[in-house]
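Have the model open as you read.

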Amino acid sequence: MKTRLTALALGALMAAGPAAADLVFPSLSYRTGPYAAGGIPFADGYADYFTLLNERDGGIGGEKIDVPECETAYNTEKGVECYESTKDLGSLVYQPLSTGITYQLIPKVTADGIPMLTSGLGRTSAKNGAMFPWVFNFPANYWDGASVAIKHILDEEGGDLKGKKVALVYHNSAYGKEPIRTLEELSKKHGYDLTLLPVDHPGQEQKSQWLQIRREKPDYVIMYGWGVMNQVAVQEAVNIRFPMDHFIGIWWSGSENDVLPAGEGADGYKALTFHNLGDNYPLYDDLKSYVYDKGLSAGAGDQHGTAIYDRGMYGAMLVAEAAKTAQKIHGTSKITPAMMRDGMEALEMTEEKMTALGLPNFGPEFKVSCENHGGNGFAAIGQWDAKAHEWKLITDYMQSDQDVVQPLIEADSMAFGKENNITPGCK
Amino acid sequence: MFYREAGDFKTSYQQDSQTFPIRFDRYRYYVVLAVAFGVVPFLINDYWANAILVPFLIYAIAAIGLNILTGYCGQVSLGTGGFMAVGAYACYKLMTAFPEVSMFIHVILAGGITAAVGVLFGLPSLRIKGFYLAVATLAAQFFLVWLLNRVPWFYNYSASGQISAPEREVFGIMITGANAPSWAVYLFCLIFLSLAGILARNLTRGTMGRRWMAIRDMDIAAEIIGVNPLTAKLTAFAVSSFFVGISGALFFSVYLGAVEVGEAFGIQKSFLVLFMVIIGGLGSIFGAFAGAAFLVVLPVALKLVGVDVLGWATDIVAHLQLVIVGGLIITFLVLEPHGLAQLWRVAKEKLRLWPFPY
């Protein structure tokens with residue numbers, strides 16, 4: 001039995017091998033499992049943008065783009081299998097959309113020399129490019145998110161948080177634990193009390209956490225949730241009549257899928273975002289005529305213009321721009337992963353560039369450098385309008401508290417370097 | 001034709017009671033070992049190592065461990081994931097505390113620590129049996145995962161609660177970390193699996209194994225003929241946890257490199273290993289190998305056929321995979337409750353007579 005199956009697998013591997021196209025952007029997606037509510041729109045947005053480039057521009061710099069998809073189900077073992085099966089296709093950059101898989105891939109991509117982009121997720125201290133040369137997390141990271149959430153609360157409370165209570169409801173995993181240290185540092189600075197409420201995978205059981213919130217009546221609740229956990233949390237908050245405008249989710253807890261099940265009750269729920277939302281951009285006209293109308297949409301094609309779809313598209317746009325930069329630097333259209341890395345490190349997103357791409361005012365301006373792989377940490381607050389069924393930005397983009405975040409990044413990346421005997425350095 | 005015993009005379013007790021008494025079987029075993037040690041390391045690449053062979057080797061160790069407890073001693077355990085987590089975290093603490101010590105020693109010590117924890121959680125088995133014991137071990141599963149997630153000392157106070165394996169060497173060859181060559185990782189796991197297999201096989205056919213089986217078959221009768229249930233059950237828990245701990249340590253340090261206890265060692269892991277044991281065959285060392293191979297290779301093979309050959313959407317293949325694996329498990333349980341090992345036994349009987357059945 002085993003030998004027959006392995007022979008079959010070997011044959012399949014050989015058949016799949018030579019399919020490599022010129023520019024390969026693998027998509028480690030998850031369309032199944034408890035996190036599919038976030039995984040599907042992201043994967044669709046990621047694939048649709050590359051389809052657009054292929055259809056409209058003939059790829060990037062004349063080279064066609066191939067987006068092999070591999071299902072991880074948010075599971076680290078499957079993530080490893082996906083990485084190993086796609087890395088020899090000439091993959092240029094990985095965007096795993098899972099903090100667990102990111103942690104796993106950081107040493108692997110460093111050893112194999114393939115860059116990885118984890119926008120708004122992953123290991124925050126990867127911002128220090130001297131220590132993590134192959135990992136990028138622009139334009140914002142988890143600690144920026146925590147800091148901007150506190151900034152918004154400060155604005156709401158007139159600049160004083162003394163004696164206020166803030167609760168953090170978080171996914172009990174590497175992802176959810178990321179902001180704790182930042183929030184603790186900020187509580188020392190601003191004087192609020194922090195309550196930690198972990199929710200175990202997959203997050204359907206939250207009764208006790210919300211009972212505790214009901215008992216302790218924190219002034220604000222910050223949530224770091226993902227997948228089915230978000231919907232449950234929003235519903236539980238509605239059930240205990242928690243004031244929704246005092247409930248702030250990270251950008252991964254701010255999609256339409258998270259608030260729609262709670263209906264009218266979710267009105268006023270807030271979530272962070274590091275890019276604009278909606279589909280009111282010239283790029284969507286192109287997407288419609290080159291992709292949607294031709295029936296080339298990825299997946300079921302029902303996610304267009306949702307928050308996480310936008311983020312997938314934005315992620316694809318960032319790596320496409322980095323690929324263009326790499327082509328310019330090295331003067332060749334056939335770039336290698338090492339050239340791609342140079343392109344990512346030299347990436348500069350300006351308003352003119354974004355407008356030319358059909359996304360005016362969509363994302364922050366930033367410039368990547370070896371010392372800073374993480375952008376400038378700008379984020380805004382969006383609020384859910386349950387009647388209009390849309391997210392509205394209610395604040396300007398705010399920068400995170402760099403005095404707090406930067407030393408933490410420094411300390412954590414140094415600890416990583418010490419543990420792994422890396423000497424930091426910028427070429 | 002195959003498995004012919006004609007002319008295969010045994011002239012000593014030792015020969016008569018060896019593991020593979022039939023000559024053909026013995027040679028097949030030597031050939032498998034020779035290929036595994038002498039040929040595969042030269043052919044292996046990263047994909048084969050990380051996607052198929054290393055997980056197979058590691059799960060096979062875990063399945064041997066659980067098979068000793070459940071298959072040989074009859075103590076149902078749902079705590080395998082938790083015990084694997086103990087092995088992984090013990091290995092991590094040892095690796096970071098004593099960087100200069102060889103990984104071989106760390107992995108074995110991690111197994112030892114898990115054995116101690118296993119004995120602790122095996123104590124209730126002296127009073128409770130069957131389903132109730134399953135629930136008690138389930139409690140161990142949740143308690144251990146909770147504990148390792150809760151106490152920052154276990155993960156060296158890292159901000160994310162993840163443990164990441166630093167690079168470590170054995171005899172100057174990198175074994176852990178992403179720079180480890182795939183043949184070295186494979187051989188490292190293979191050595192552990194071979195030793196585990198030989199050790200388990202010899203334990204189970206010796207005094208200790210007979211005691212376990214006596215307890216499994218009828219504990220009161222066993223007690224009357226002089227088997228001490230305390231030592232029998234606790235040694236089963238200790239030996240089983242030792243193997244499971246080794247597999248957990250390898251799973252973390254050489255296979256994944258970074259784990260998060262809730263995600264990697266959750267209740268699903270316990271069920272996965274239990275399925276391996278059930279599909280492979282309870283109370284059979286070969287069954288542990290067959291079950292692990294089946295459940296590791298099947299999803300990968302289905303994915304390769306569905307996505308890469310047939311070009312289906314990834315989510316459809318992922319869903320089909322659940323359907324097919326689930327269906328196969330039910331089919332197996334209905335048609336052959338004793339698992340792949342029994343199929344193998346039947347095939348062997350047939351081959352003995354082939355081509356001249358009665």
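Helices here are DSSP runs of H or I with at least four residues, and strands are runs of E with at least two, numbered from the N terminus. This is a predicted model, in which local features need pLDDT of at least 70, side-chain atom pairs count only at pLDDT 80 or more, and totals for chains, interfaces and linings use all residues. Residues are numbered from 1 along each chain as its sequence is written, while chains are lettered from A and ligands numbered from 1 in the order in which they are written.

Helix 9 itself covers residues 228–239 of chain A and spans 17 Å from its first C-alpha to its last, close to the expected 16 Å (1.5 Å times one less than its number of residues). Nine of its 12 residues are buried, so the helix is largely enclosed by the rest of the structure; buried means that 20 or more other C-beta atoms, placed from the backbone, lie within 10 Å of a residue's own. Among them are Val228(A), Met229(A) and Val238(A).

Stepping back, chain A holds 15 helices and 16 strands, and 58% of its 427 residues are buried.

Finally, turn to the partner chain. The contact (C-beta atoms, placed from the backbone, within 7 Å) takes 40 residues from chain A and 37 residues from chain B. Helix 1 of chain A gives the most to the side of chain A that touches chain B, with nine residues.

Terms used: Contact = placed C-beta atoms within 7 Å.
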